[in-house]
Amino acid sequence: TSGQSKARLGQSQKLQDQFFWSTLILSTGEMSVAEKLVASGESLSGGIEHRAISIDVAPEDAYALLAEDVDIPVEQVITWAENLKYGLAKYYGTAGKLFMSHFLSQKDEEGNYLSMDDIRSQLLEKIDETQQWLTKEIKDRNLAISSIQHRGLKRFALVLVSGLLAIEWGALPFCEEYVRDSIEALA
């Protein structure tokens, strides 16, 4: 979810600084945010649907992804999941720290550190390009995409761009194709 405060005048009749925020929320709840709001009698707006993207993942989904074209016993999938949980608990934050150190120390062709404005501009450009790529991939499969879904693809584009940068900087041990295919499948 992201947002910004309203533009307001202060007591001195000068425009006050606006506040901006971005928050990432990952929930493993049994109901999506949209389902919870509807159950509470709230009405849904398009903004909620693209800020709170729900991806239902059941245990059989994880098994299906791992067992595609291969006969893998359920016990092996369970072991894989347990090892993943252990690794995430043990190394939590390690990749993030490495990623951020590279992200904040990017240089131009001449070896000068980029300003935060330059880093932000480049990131936004990559996200826009990736969002366009995701949109094209979905449309090439003859799937219709609404304006809300198109806006939501920007979130997936951010994750894809981050994943590809993390691979480039050695923060993730995956290949680009794996990350691309994973995000495309979720999108």
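**View 1. Phe99, Phe103 and Trp169 form one aromatic cluster in this predicted model.** Rings of Phe, Tyr and Trp (for Trp, the six-membered ring) pair if their centres lie within 6.5 Å; planes under 30 degrees apart count as stacked, over 60 as edge-to-face and the rest as tilted. The structure holds three aromatic pairs. One of them, Phe99 with Phe103, is stacked, at 5.9 Å centre to centre and 10° between the planes. Both residues belong to helix α5 (residues 94-104), where they are four residues apart, about one turn of the helix. Helices (H or I, at least four residues) and strands (E, at least two) are DSSP runs, numbered from the N terminus.

**View 2. Phe99 and Trp169 form a tilted aromatic pair.** The ring centres are 5.2 Å apart, with 50° between the planes. Phe99 lies in helix α5 and Trp169 in the loop between α7 (147-168) and α8 (176-186), so the pair ties together parts that are 70 residues apart in sequence. Relative accessible area is 15% for Phe99, which is buried; Phe103 is buried at 13%, and Trp169 is buried at 16%. Buried means under 20% relative accessible area, exposed over 50% and partly exposed in between (1.4 Å probe, protein chains only).

**View 3. Thr135 is shown with its contacts His150 and Leu153.** Thr135 is located in helix α6 and is buried, with a relative accessible area of 9%. The contacts (heavy atoms within 4.5 Å) with His150 and Leu153 leave out residues up to four places away in sequence.

**View 4. The charged end of Arg180 sits over the ring of Trp133.** It lies 5.5 Å from the ring centre. The criterion requires NZ of Lys or CZ of Arg within 6 Å of the ring centre and within 35 degrees of the ring normal.

**View 5. Confidence in the protein chain is lowest in helix α3 and highest in helix α6.** Helix α3 (residues 59-66) has a mean pLDDT of 59, and helix α6 (residues 116-140) has 94. The pLDDT is the predictor's confidence in each residue, from 0 to 100. The chain average is 81, and 81% of the residues score at least 70. Where pLDDT is low, the predicted coordinates should not be read in detail.

**Notes to all views.** Residues are numbered from 1 along each chain as its sequence is written, and side-chain values use heavy atoms, without hydrogens and water. In this predicted model, local features need pLDDT of at least 70 and side-chain atom pairs count only at pLDDT 80 or more, whereas totals for chains, interfaces and linings use all residues.
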